[in-house]
Amino acid sequence: MSMTVVTILQLITVSVIYCGMTVLLPALVFHKKLQQERLCVRFLAYLLTGNFYLMNLVFVLQLLHISNRFTLILFTVVPALWAAVRINRLDVKGYAIDAVKQVRRFFEGTMGVRLVVSNAYRGAARGLRKPLRKILHDFREDFLDWAGTALVVFLVLWLFGTNLLKTFGYCASDIPVHNYWINELGNNNIFAAGVYPYGFHCLLYYIHEVFGIETFVLLRLFCLVQTMLVHLVLLAFLKIVCRTKYMPYLALMLYTFGNFWNSNVIKRFYSSLPQEFGMIFILPAAVFLILFFPARKKEQGEKGIWLQSTRYLVLFGMSFSMTLAVHFYNTMIIGLFCLGIAAGYLGMLFRRAYFGRIMLAGVISVLVAVLPMGIAYATGTPLQGSLGWGMNIIKGTSGQEEQTPADSEVQEPQDVPGAEPSDSQANAPSGGGEGVIVQPKPEKPAKPPLKERLQNLYQSLQIAVNTHILGHVDAKGVTLWLLTVPLSALLGLMYLFTKNDKTYGSMLISVAVFLFLMCVLLISSRLGIPALMEPIRCSIYLSYMLAAAVALCIDAAVSLVLGKLPHAWIMHFASLAVVAALTMCVIADGKAKTPIYIEGLETNGAITCLTNILKDEENWMFTICSANDELRMMEDYGYHYETITFLREMEGRRQANYLTIPTPRIYFFIEKIPGNYTLSYAGSGRTVSEEGAAHALPGGTGISMYKGESRYIVMSRMYYWAEAFRELYSTEMRVYYETENFICYVLEQNPYRLFDLAIDYGYNTQ
């Protein structure tokens, strides 16, 4: 079976498992409570509930050091069954009595196998008939909606999934670190490298531990699952807040299909990373907070724990909590969105019925996310480096920023003939002596007018947006995209003052303020305020919301003009026409996006070879000698020997008298054409050669030996060692797998009579 087919099957498996555990299982438990909600609201509610429970289940069991397959399954199944029985009021006793009767009749011989199967079939049919009818009815009624959603799914699979079929290795250099952290969860060693938001790692560990899927497979493929959900969450958010039926698809068309964006905006979606996974929870937190206000207003002082507004706040709290549990950058973004919502709903926020509940939900959500990290920190686990930086930013002790290039150009005046004295010289006391000339204090340069300063800031924003976000439009195009910010605010004010729909107007103002704050964050260093986020990271979030803002502005305009017509279908048809027209313009203008290719940090041959080895070998009966990325991939199944360590055992002062690896089989991974591991160099793309092997073995530590020309030297030396060893032991040393740019040798040996691997292969540095 080819690796492409294996990848497709693995991807289907991972998608079904994750969506089944985080969407389908909560739907089976809570469908009765949420059956009155719209489908998009139910989807977000199920998604949040499933992720929140599994994430925090792993946190609790890890801190108790009892996390394993049995406890994870036990505390998933039992609470789910209990909740399903209580919420759906199932007659468990009646079902049990009926089952006992059926079993007794079967063993007494009064009921045959055919009747048992027939009864089971009829019971399943009765249970599924109603939901299937509802699904078919919804499909017929909203065929275009389902078709639009299917098109979004297809585009995401096409644009982001094709790379998975071409590139089997990791596409980001920090994934091996996350691989290691997930592996350590298998040892109940949470926060192995220090306290850090572990929500992403908890979810992948759960799937690995319960369903037995290798962690490196999850990290290879989960990027497509989370990218799909990022897009579907954007669609669900817009379906909830928009007034026209089809305008949400405009945002998805612009964001997914339109080739307007800088490649850096979307490149991270090709890797399974916590920041992008956390994006799933930003918009649900915002939309449930937005939904809270009209729901609470409608209830008019009603009390009870199962009120709709309370449910929305609970979902907001879960979503906000998970942004912090996954990656604090996402918490910064939803924090800015919450400030925008506070501005948009200012007239309602500080009323008694709203403010206290929102603050309580916010505080509890933060406590839930911080508690596992706080417990670990209190028991002696230090902060992981990046989290320590974040804490210093919050406390204001991050240190002075480096000088900007503009600052470095400012020089102190020099004591040269004709030069003006410095301020300190001009203000020095004369002592009253004669002949001392007191120079007048130079006037401070006048500040530029406010209008000029605002123009300079806007130009800085244009440059930043054009540099980091919109890589395929001209200056006028940048201005058009940025106009969505004031236009959203203007339309929101129109809805507020005309009393057309105050809730909708407040939502538009919230989005406008949020986008403004995001623009401030993008150019924060230019404004002289602490840069909490690099522009390249900020651009990922801002592009996501700019596409939504375009759809919201057009939605508001269409709704304002056509919303009062007696037939709503006219307004919805207009929105469909706008989406179709703009889509055709994008295609006609050549702005349609095509899949891009992201090169992996491991060769496809290495991943294919590793997959075959794990399939064929018994655990702990083999060793892989390779560059370090495979270490974390196969850490739970076999042994690993570092390539640079292996070579250094045959070098000069560090030469080993007897070099052995005590496993029955040893696999040597060698790149015949060394890859550019995060760094290209003048000789990139060369095949290993005697010239490369003749260079001195690179010094240093860490990953530096596998970057640039150093990788070429290491792989050249390793190749010629393997060929020399195969010449000596042609029966035991053979080629296990080979492609045009990769080769794997396998050495079979008697573990009680090990080979001496330290040989003179002609290039040893003596």
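How much space lies in the largest pocket?

1. The largest pocket holds about 1600 Å³ of space. This figure, like the others in this note, comes from a predicted model. The pocket is lined by 33 residues. Those nearest its centre are Leu39, Arg42, Lys134, Ile135 and Asp138.

2. Several helices build the lining of the largest pocket. Two or more residues each come from helix H1 (3–34), H2, helix H5 (113–141), helix H6 (143–166) and helix H9 (215–241). H5 gives the most, with 8 residues. By class, the lining of this pocket divides into 18 nonpolar, 5 polar and 10 charged residues.

3. Which residues does phenylalanine 277 touch, not counting residues up to four places away in sequence? They are Tyr18, Asn51, Met55, Phe200, Leu203, Phe222, Gln226 and Val326.

4. How many cavities of 30 Å³ or more does a search of the whole structure find? The search finds 4. The largest cavity has about 120 Å³ of space. It is lined by 17 residues, and Ala627, Glu630, Glu671, Arg711 and Met715 are the closest to its centre.

5. Helix H29 (629–633), E3 and helix H32 (708–728) each give two or more residues to the lining of the largest cavity. E3 gives the most, with 3 residues. The lining of the largest cavity consists of 10 nonpolar, 2 polar and 5 charged residues.

6. The second largest cavity has a volume of about 80 Å³. Of its 14 lining residues, Leu164, Gly169, Cys171, Arg220 and Tyr270 are the closest to its centre. H6 and H9 each supply at least two residues of this lining, and the largest share, 3 residues, comes from H9. By class, the lining of the second largest cavity has 8 nonpolar, 5 polar and 1 charged residues.

7. Histidine 65 is not a glycine, yet its phi is positive, at about 60°. Histidine 65 sits in the loop between helix H2 (39–63) and helix H3 (69–88). Is histidine 65 buried or exposed? Its relative accessibility is 55%, so histidine 65 counts as exposed, the cut-off for exposed being over 50%.

8. Threonine 678, also a residue other than glycine, has a positive phi near 65°. Its place is the loop between strand E3 (665–671) and helix H31 (690–694). With a relative accessible area of 42%, threonine 678 is partly exposed, because this class lies between the limits of under 20% for buried and over 50% for exposed. E3, at one end of this loop, is the strand that gives the most residues to the lining of the largest cavity.

Note on methods: Residues are numbered from 1 along each chain as its sequence is written. This is a predicted model: local features need pLDDT of at least 70, side-chain atom pairs count only at pLDDT 80 or more; totals for chains, interfaces and linings use all residues. Side-chain values use heavy atoms; hydrogens and water are left out. Helices (H or I, at least four residues) and strands (E, at least two) are DSSP runs, numbered from the N terminus. Buried means under 20% relative accessible area, exposed over 50%, partly exposed in between (1.4 Å probe, protein chains only). On a 1 Å grid over the protein atoms alone, a cavity is a set of points where a 1.4 Å probe fits but cannot get out, and a pocket is an open set with protein on both sides within 12 Å along at least five of seven lines; lining residues have an atom within 4 Å of a point. Grid points are joined across faces, edges and corners, and a volume is the space filled by probe spheres set on the points. Ala, Val, Leu, Ile, Met, Phe, Trp, Tyr, Cys and Pro count as nonpolar, Asp, Glu, Lys and Arg as charged, and the others, Gly among them, as polar. Contact means heavy atoms within 4.5 Å.
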